[in-house]
Amino acid sequence: MQTLPNKLVIREVIWEEICVNLFWRFHQVIGNSPQATTLWQLQQQKAQILENLLNSFQIHRPQTPINLMLFHRNLDLLLNELIARENELLLLYQSYPYFFTAYPHLVPELQNLINLQTNFINTLIALATPFQTDLPPLAPFLEGPVDGPDYWLDPRYRLEPVISGLTYPTSLAFDENGEMYVAESGYSYGPAYAKGRVLHIDATGKAREFAAGFEGALTGMSWFRGDLYLIEGSYDGKVYKIGRNGQKQVLIRGLRGGSDHFTSELAFGPDGKMYFAVGTVTNSGVVGVDNAYYGWLGQRPAYHDVPARDIVLAGQNFPSDNPLTKTNPNAKAITGAFHPFGTPSFQGEIIRGELLANGVVYRANPDGSGLKIIADGFRNIFGLGFSPEGKLYATNNGLDFRGSRPIEGDWDTFYEITPGWYGWPDYASGLPVTLPYFKPPGNPQPQFLLAEHPPLAEQPLIRFKPHSATQKFDFSINDSFAPRGEVFFAQFGSAPPITTGDIRPAGFRVVRANPYTGQVHDFMINLKPGKAGEGPERPVAVRFSPDGQSLYVVDFGILGADVATAIPFSETGAVWRIVRA
């Protein structure tokens with residue numbers, strides 16, 4: 001029997017019930033109509049098909065946490081959320097034939113589900129259009145007048161500055177005494193370089209250098225049993241243990257960072273072991289001209305992605321310009337997946353997996369021993385941490401519309417991490433890249449790079465807006481700030497035209513979400529990205545205070561972009577605190 005990804009069908013059953021409750025809110029406003037009656041009938045037919053799928057695979061019907069739902073008071077926002085969720089459900093249902101190939105008797109029912117969902121969306125849009133305004137409040141962005149507000153924050157809270165003038169900060173941690181430490185990365189995309197360091201921030205907001213001299217990029221840190229553990233995502237990536245006196249000890253080295261992506265947050269689990277991730281070298285498995293724009297291809301022309309397990313290649317090769325030639329500006333190159341630039345692959349080629357790999361989540365003992373890969377097939381995990389119940393979660397940044405193998409429309413995702421393979425480079429946010437949705441304009445439909453695929457371990461709990469760059473997160477632990485278990489995410493923001501052809505900004509905000517319902521609502525928004533206003537510019541991390549009554553936001557600072565590279569600005573980073581008003 002083919003193994004279905006964990007939570008496939010289960011998540012959709014929950015989502016359908018959440019959407020029913022959202023539509024009920026809308027129905028209460030508009031009253032009865034022939035279209036509303038049609039929607040209820042379509043909903044019942046969809047529910048019956050999903051019930052049949054649950055029974056076919058002997059899946060226990062999940063309990064939908066209606067009491068945890070988030071509701072917009074604004075009708076525009078409620079409709080935007082409902083229509084977006086229904087469109088995402090359609091994409092999921094369109095992917096079902098890929099996952100149910102071993103069950104041909106289900107094909108007619110799956111196609112019926114796709115047709116019902118398509119009809120549902122068309123009827124919903126027709127019913128909702130008269131009630132929508134052209135520019136819903138705060139969505140997706142309001143540039144606003146020059147003298148308008150720089151940011152929007154949920155009015156039940158207030159924003160306070162803690163410290164400014166930081167250079168590329170990425171991480172914040174509290175020690176066992178509740179004292180704050182901030183890591184300045186030491187690296188940003190683009191023509192910028194600075195040594196990474198860790199600062200101790202006292203109660204008045206004054207900074208004292210605690211540890212320095214790191215090559216960068218510093219991506220995560222955590223206090224554990226009186227020592228600070230720090231991870232550096234350079235070409236020779238390292239994990240350090242730093243004592244109270246600032247003395248550094250290298251525990252792990254050789255991590256494959258220093259490329260398009262680096263390492264992640266570092267966290268300790270209930271088992272007393274440390275967990276962290278390493279991203280991929282490339283966007284989608286193929287080294288190309290875009291990697292020269294990122295600055296590393298000319299320095300390390302033999303660098304490429306290394307898998308965590310043995311893989312068999314389909315033999316796809318990709319032509320491109322050759323930025324490494326010094327004499328012929330018209331030179332071309334042919335490059336295969338998981339190969340150095342200019343090296344083709346062949347069908348059936350086996351690439352051996354290695355311990356020091358890309359796109360992986362690691363576990364290790366506090367002394368660095370026992371390094372083990374527990375999950376692979378990720379693109380770029382940056383946020384990683386444990387819930388109050390002790391489960392491991394991570395954010396994964398989606399594929400970009402760039403390079404030799406561009407992918408259109410991929411989301412950022414939030415996963416519960418269990419052992420297994422998560423799909424990169426052939427699945428985007430749990431869905432096959434061969435779906436028409438992922439075809440980039442003016443480019444061919446992406447095809448699989450691997451001839452064989454392991455079973456997918458999980459489906460995402462949440463899919464965030466493409467290119468929002470959803471980074472670090474934290475769980476609420478105090479109901480006085482937000483319901484315990486609700487998750488807050490920093491969204492760094494897009495970088496057009498490098499990562500997307502869409503010039504409209506995405507991200508630049510903090511969002512709150514419920515991982516069980518999959519709902520995501522804005523919490524704080526930078527309304528004027530790139531203008532260095534009076535609020536956070538690019539949120540890269542959030543961290544609750546030890547008592548859970550304050551949420552700290554790490555603001556990376558200003559990072560622009562042009563067609564060739566990112567353009568960072570030093571000393572524009574900051575830390576902010578959000579408390580109840």
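In what order do the 4 strands of the open sheet stand? The order is E7-E8-E9-E10, with antiparallel pairing. This is a predicted model, in which local features need pLDDT of at least 70 and side-chain atom pairs count only at pLDDT 80 or more, while totals for chains, interfaces and linings use all residues. Residues are numbered from 1 along each chain as its sequence is written, and side-chain values use heavy atoms, leaving out hydrogens and water.

**The sheet**
- Strands (E, at least two residues) and helices (H or I, at least four) are DSSP runs, numbered from the N terminus.
- Strand E7 (218-224) and strand E10 (248-255) are the edge strands, each pairing on one side only; two strands pair if DSSP finds at least two bridges between them.
- From one strand to the next, the twist averages 15°.
- Strand E8 (residues 227-232) and strand E9 (residues 237-242) run antiparallel and are joined by 5 bridges.
- Leu230 stands opposite Tyr240 in E9.

**The helix pair**
- Helix H1 (residues 10-30) packs with helix H2 (residues 34-56) at an angle of about 165°, and their axes are 11 Å apart; axes are lines fitted to C-alpha atoms, for helices over the stretch in contact, and angles run from 0 to 180 degrees between N-to-C directions.
- H1 is therefore roughly antiparallel to H2 (angles over 145 degrees count as roughly antiparallel, under 35 as roughly parallel, 65 to 115 as roughly perpendicular and the rest as oblique).
- Residues in the contact (heavy atoms within 4.5 Å) include Phe23 and Trp24 of H1 and Leu39 and Trp40 of H2.
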